[in-house]
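Subject: Structure handover

Hello,

Here is the structure we spoke about, with my notes below it. Please read them with the model open.

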Amino acid sequence: MVHESARSKAVEFVQDRAAEQLQFIIDLSRQNSYSHNKPGTDAVARMVLDRIGGLFPVHRVAEQADVGDLHLLSTVEEGKSIFLLCHLDTVFPPDHPFKEVWVDGDKLHGPGTGDMKAGVATVVYSVLAMAEAGVLDRIPLTVVLGPDEEIGAVHSRPVYEEERKNALACLVVEGAGVNGEIVVSRNGKIGARVDCGGRNQHVGAVDLQKASALLELAHKTIALEGLNGALPGVRVNVGKASGGLGPATIPAKAHALIDVRWEDQKFRDELVQRIEEVVGMDDLAGCSSELTIMNERSAWPLTPGTQRLADLIKGVSEGLGHPIEQEHRLGTSDSNFFGCAGVPTIDGLGPICKGYHSAEEFVYISSIAERTALLANGLMAVAQEFA
C-alpha cells in the first residue's frame, strides 16, 4: 500500500527539482544521439545511468553493434513487473544544422527535446521522486532505455517481444497530445523499400531501347499512392526516391522508401498483398522491381485492460489538478510491441511538445514537472492496482 504522504512527497520533490530537471534535458539534448550514432546514444545512456543506475538492483544490457546498447533496470530479480519505456535515439544526424538548444519563454527548443529527451528526463526524475518518497523498492518496475525507436526498433524488437511476457502493464513517455492527452492505441506500420532495375544506356544511342528504372519507379509511385484509402484506415506514402547517373543516361537503378500505415491489424495482410502486386508488375519492358520490408510494428488496439489502465492514469491526473483525455495516435512507437500483445499499455506520458522531427521542435517547459509528477504518482497507483 502506498500512502498519500508518499504521493505528496513525490510531487514536492519534482517541483523542487524543476530547474535541475530542465538543465538535465538541455544537457541530454546537446548530446547528439542519432539512431546510427552509437557512441552518442551510449553517451546519453551513461548520463541516465549516472542518475538512477544505482537505484536498481538489477541491470541487464543487450549489447548492440550498430546502434546504442539497450538497458533494462529492474527492482525485481525475476517475475512480472511494470515496464517503463523510453528511447535514447533521435532523428537528427550529427551534421544536421539544427544543433542549438535554447529557452524562449515557456518553450525549450532543440533537436530531440520532445522526442524524446524530455521524456527520458521524466523517467529519471519520476524514479528519483519515488526513491525520495521511499517507495521505489516496493514497486515492481523495469525501466527500458531503448536505442533505436526512430528506425523501427529493428535491433530492439526481439528483446521487447521476449520481455513483454513479464509485463503487468507498460507505460511509455512519448510526447503528450497537444492538450495533454494520453495514447491508448496506435496504428500499425511498415517501413519498406522499392528497388527498380532497368538498363543503362546513352540517350543518343542509335538503337535506343529505353528501360528506365526511374520511369518504372514513377509508375510504381502513382500506383502505390493510389492505395491510400483502398482499405479502411490505410495510408501509403512514397517519401523519398532517387536514382540515375545523370541527365544523358537512362537510369539502370532507382529506389524509393515508403511508409505504410493501417489502423486495424486485420487489413495488414491484404494491404501487403496489394503492395506486392503493384511492385511485382513490370510496367516497362526490360524493367523489374523488388519490395523489401525493413521494419514493422503491428497495430495496437484499445483493449479492456488498456482502458482500465487509462482510467486509472486519468484519475491520478485529475487528482493532481490536471484533467486529461485519451486518444488514438496514427504514428507508432515501441509501445506497439507491448500493446499489440494485449499488455495494458499507455503512451504519451511525456511532456507536451510540438514540431517533432523538424527544426521547429520544442517542449512546453511548464508541462515537464506536471508530467513527471503524473508519472511518479501514476506508477504508484498502477503498482497498487495491477501488481
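The largest nonpolar core has 65 residues, and those with the most contacts inside it are Leu84, Met130, Leu141, Val143 and Leu349. A nonpolar core here is a set of buried Ala, Val, Leu, Ile, Met, Phe, Trp, Tyr and Cys residues joined through side-chain atoms within 4.5 Å. Buried means under 20% relative accessible area, exposed over 50%, and partly exposed in between, with a 1.4 Å probe and protein chains only. Helix 4 gives the most to this core, eleven residues. A second, separate core has 24 residues, among them Ala213, Val260, Ile275 and Val279.

This is a predicted model: local features need pLDDT of at least 70, side-chain atom pairs count only at pLDDT 80 or more, and totals for chains, interfaces and linings use all residues. Residues are numbered from 1 along each chain as its sequence is written, and side-chain values use heavy atoms, with hydrogens and water left out.

Back to the 65-residue core. Setting aside neighbours within four places in sequence, Leu84 is in contact (heavy atoms within 4.5 Å) with Val123, Leu141, Thr142, Val143, Val144, Leu171, Val173, Leu375 and Leu379.

Next, the sheets. Helices (H or I, at least four residues) and strands (E, at least two) are DSSP runs, numbered from the N terminus; two strands pair if DSSP finds at least two bridges between them. Strand 4 is joined to strand 5 (residues 107-109) by three bridges, and Trp102 stands opposite His109.

Strand 9 (residues 188-197) has seven of its ten residues buried. Gly191 has Asp259 of strand 13 as its bridge partner, while Ala192 stands opposite Ile293 in strand 14.

Last, a lysine: Lys314 lies in helix 8 (residues 304-319). Lys314 counts as buried because its relative accessibility is 18%.

Regards
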